[in-house]
Amino acid sequence: MALRILLAIMRMFWPDGCVGALEIDRKSPRFWNKCINEFLLLHFDPRFATEAEARASILAHMRDNLRRILADDRERADVKIAGASGTTYANHRPLYIKPGVWSRLAQYWVSEEFKKKSAAGKKARQAAKVPHTSGGPSFDRRHRDYMEAHDGKLDELVVYKECHTLKDEERKGEWITEDAQKIIGSVHIIPILYSRLDQLAGLF
């Protein structure tokens, strides 16, 4: 619930015309502190962390998740566009996103800059040594879905297994490749961000 509240706060203060952390840093650097201050009014317990630790953790979480938030927004819009012929991103602004923010996103998602970045990302994924069984949703999305279902906590090992084991009845649970199984040792190291959020459970 706390993570959703933080997202709602980010939506409320999101500056018009910004599509990423770098643009926010350049055009509206006070955005980060506005969000943190608002969140701490609702979720702060000094028994679990100092205010400085809490601020650092929240800032890291926001910056790390900004790209994921925008990717989710675009995926939802893509579904609506596919079901409504002749429409564009501009026609499908969610009510929870401000018009000034959405208009910039709608322009960016059809720009050559975005298309090049998207193509490069797709090429890199196709060249990956270890295939997965995650389907369309990104690993970032899988992580978030798991966290939402487990009070903001992430078990990297469980998510990795879900994304790299077979799903059919006859071979359910088997690793998709030997390489996928060999890599399993590395996913015991949960990213620093999620580790910090877990340590500050009193905040989230």
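Thr88 sits in the loop that links α4 and α5. At 42% relative accessibility, Thr88 is partly exposed; the class lies between buried, under 20% relative accessible area, and exposed, over 50%, with a 1.4 Å probe and protein chains only. Thr88 and Ala106 are separated by 18 residues in sequence, yet their C-alpha atoms are 7.9 Å apart. Pro94 belongs to the loop between α4 and α5 (99-108). Pro94 is buried, at 12% relative accessibility. From Pro94 to Ala77 the C-alpha distance is 8.5 Å, over a sequence separation of 17 residues.

The structure is a predicted model, in which local features need pLDDT of at least 70, side-chain atom pairs count only at pLDDT 80 or more, and totals for chains, interfaces and linings use all residues. Residues are numbered from 1 along each chain as its sequence is written, and side-chain values use heavy atoms, with hydrogens and water left out.

The protein chain contains 10 helices and 0 strands. Helices (H or I, at least four residues) and strands (E, at least two) are DSSP runs, numbered from the N terminus. Along the sequence the pattern reads α-α-α-α-α-α-α-α-α-α. Of the 204 residues in the protein chain, 35% are buried. The chain exposes about 12500 Å², of which carbon and sulfur atoms supply 55%; accessible areas come from the Shrake-Rupley method with a 1.4 Å probe, and for residues only the protein chains shown count as cover. Contacts (heavy atoms within 4.5 Å) were also counted by sequence separation. Among those between residues at least 6 apart in sequence, 61% join residues at least 24 apart.

Confidence was examined next. The pLDDT, the predictor's confidence in each residue from 0 to 100, averages 81 over the protein chain. A score of at least 70 is reached by 82% of the residues. Over residues 187-204 the pLDDT is below 50. This stretch has 44 contacts in the model beyond near neighbours in sequence. Where pLDDT is low, the predicted coordinates should not be read in detail.

In the model, residues 1-21 are 62% helix and 0% strand. The end C-alpha atoms of this segment are 24 Å apart. Phe31 is buried, at 1% relative accessibility. Leaving out residues up to four places away in sequence, Phe31 touches Met10, Phe13, Trp14, Pro15 and Ile24. Phe31 and Met10 are 21 residues apart in sequence, with their C-alpha atoms 8.3 Å apart.

Asp25 lies in helix α2 (residues 21-27). Its relative accessibility of 29% makes Asp25 partly exposed. Beyond neighbours within four places in sequence, Asp25 contacts Trp32 and Arg63. Arg68 is placed in helix α4 (residues 51-82). Arg68 is buried, with a relative accessible area of 7%. The Arg68 side chain makes a polar contact with the side chain of Asp64 at 2.8 Å. A polar contact is a pair of N or O atoms within 3.5 Å; within protein, one must be able to donate a hydrogen and the other to accept it, and residues adjacent in sequence count only if both atoms are side-chain atoms.

Helix α8 spans residues 156-164, and Glu156, Val159, Tyr160, Cys163 and His164 are buried there. These residues lie on the same side of α8 because they cover an arc of only 115° around the axis. The arc is that of the directions from the helix axis to the C-beta atoms. At the start of α8, a side-chain oxygen of Asp155 comes within 3.1 Å of the backbone nitrogen of Leu157.

Thr165 occupies the loop between α8 and α9 (178-182). Thr165 is buried, at 11% relative accessibility. The Thr165 side chain reaches the backbone oxygen of Lys161 at 2.6 Å. Not counting residues up to four places away in sequence, Thr165 touches Thr133, Gly173, Glu174, Trp175 and Ile176.
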